[in-house]
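Please have the chain at hand while reading this report.

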Amino acid sequence: MPTECSSDLFGFAPVEGRQVVAGFDGGAISSDAGALLLGVTDRTVGMMDRFASCFHDERRAEWIEHEVVTLIGQRVFGIALGYEDLNDHDELRHDPMMAVLAGKLEARREDCAPVAGKSTLNRLELSKLEPTRYHKISHNPVAIKKLLVDLFLEAHKRAPKQIILDLDATDDPLHGQQEGRFFHGYYDCYCYLPLYVFCGRHLLVAKLRRADMDAAAGAVEEVARIVAQIRARWPRTRILLRADSGFAREELMAWCEANSVDFLFGLAKNDRLIAEIKTELDRAAAKSRRTGKPERRFKNFMWMTRRTWSRRRRIVAKAEWTQGEANPRFVVTSLARGECKAKHLYEKVYCARGDMENRIKECQLDLYADRTSTATMRANQLRLWFYSMAYILLCATRRIGLHGTELAKATCGTIRLKLLKIGAIVRVSVRRIKVAMASSCPTAQLWALAATRLGAAAKTRASPA
């Protein structure tokens, strides 16, 4: 590396006889110019204002520099852009794109930036259910949970005939002494055990729970709440719950049967269940030995446990022989034989629930939903809701702006990389703010299409009915 002529410049290998130097002296330049799409998406779905209404602010108005809606928007936009750590905001508060998204180019006080730093945002995340002397902002968990379902309902132009709600629990590893930490033997670590409910790509529930409980703990209460909210808007929509064997519990199945909600749950195998399909397993094994290929058979039968179930229920069994050994699988369902055959029920309906695991990975890997490192479960639950809102915002960007394009099914991380992380010079004049994005951006046409679609949708929402 050549000798540097300035402590602020970094020298690199010359190109065609010219020196190559670099420095952080470009002025009002942002690496997140594509975030303009997030701003117009927010105006389209009306997220930040409604999310802010779930908080109560008792700060004195004349002393406030950053409104609650600005703080919430800054946190959600930051997560969507890949800034999971609050420490990042000590520099981001000076970023011109953050100011544009906040709708506030200059601070009212000389010692402040247009948006907040880490300390102010940290007080927001540590807000309690009731305001205190040191935490003037409180939040309403009931309102936040309701908003998640409202955003899902509003994403549909008309009520669907049927929806499938996927339930799943996952591990959220902990690396400190957080409240509620518990060592989970299956995951082999200290963790939380959050409950997620999705409908396709739509997130309806993100509930933080201790790991010293059954996977289905609290599921009945959450399902009852969201089903009531859905039926208030869509009274004729058929609802099917789908989950793995951790949710095949009498309490949940009995609630579904009493409330006209269908279910399809995995069922843990045991000797009694395997005995029911002995003939099918033997036939599958015989044919597999002849052909050298995996073989499977399906069977319907009515069954109940010896002590825990209150009634007989339909079981669909997969009697499979593969790699020289039996691989039986079972599901329990309220769906009748006449409306869904065994093979289709298992292979097409039940196995499709695996896509939900991709959604959870998207939340945790792309949007940092497993970064629950504050001391209390209350604060970590609020963090989880911030991550969830960032996921919903990016999903809305994809659904409204990218349908029919190459990114129609892209993950949140891919959308961030290709459409949000765009370098630009931000020029502010008396009459306008010009965001001059990189001319060589490879996704410029796709970005323009998404901006046009989202802008049209925002105008439609803003126009009087």
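## Basis of the model

This is a predicted model, in which local features need pLDDT of at least 70 and side-chain atom pairs count only at pLDDT 80 or more, whereas totals for chains, interfaces and linings use all residues. Residues are numbered from 1 along each chain as its sequence is written, and side-chain values use heavy atoms, with hydrogens and water left out.

Strands (E, at least two residues) are DSSP runs numbered from the N terminus, and two strands are said to pair if DSSP finds at least two bridges between them.

Strand S9 (residues 189-192) is joined to S7 by 2 bridges, and Asp172 has Tyr192 of S9 as its bridge partner.

Another open sheet of 3 antiparallel strands has the order S3-S18-S19, and here S3 (29-30) and S19 (433-437) are the edge strands, each pairing on one side only. Between S3 and strand S18 (residues 424-428) there are 2 bridges, with Ser30 opposite Ala424.

## Gln178 in the S7-S8 loop

Gln178 belongs to the loop between S7 and S8, and this residue is buried, with a relative accessible area of 8%; buried means under 20% relative accessible area, computed with a 1.4 Å probe on protein chains only.

The side chain of Gln178 reaches the backbone nitrogen of Gly176 at 3.2 Å, and a polar atom of the Gln178 side chain lies 3.1 Å from the backbone oxygen of Thr372. Apart from neighbours within four places in sequence, Gln178 is in contact (heavy atoms within 4.5 Å) with residues including Tyr192, Thr372, Ser373 and Asn380. Tyr192 is also the bridge partner of Asp172.

## Strand S15 and its partners

Strand S15 (residues 313-322) is largely enclosed by the rest of the structure, because 10 of its 10 residues are buried. S15 pairs in the antiparallel sense with strand S14 (residues 295-303) over 9 bridges, where Met302 has Arg314 as its bridge partner, and with strand S17 (residues 329-333) over 5 bridges, where Ala317 is partnered by Phe330.

Strand S16 (residues 325-326) runs antiparallel to S15 and is joined to it by 2 bridges, with Trp321 opposite Ala326. The hairpin of S15 and S16 has 2 residues between the strands, and Gln323 in this hairpin takes a positive phi near 55°.

Technical notes: Helices (H or I, at least four residues) and strands (E, at least two) are DSSP runs, numbered from the N terminus. Buried means under 20% relative accessible area, exposed over 50%, partly exposed in between (1.4 Å probe, protein chains only). A polar contact is a pair of N or O atoms within 3.5 Å; within protein, one must be able to donate a hydrogen and the other to accept it, and residues adjacent in sequence count only if both atoms are side-chain atoms.
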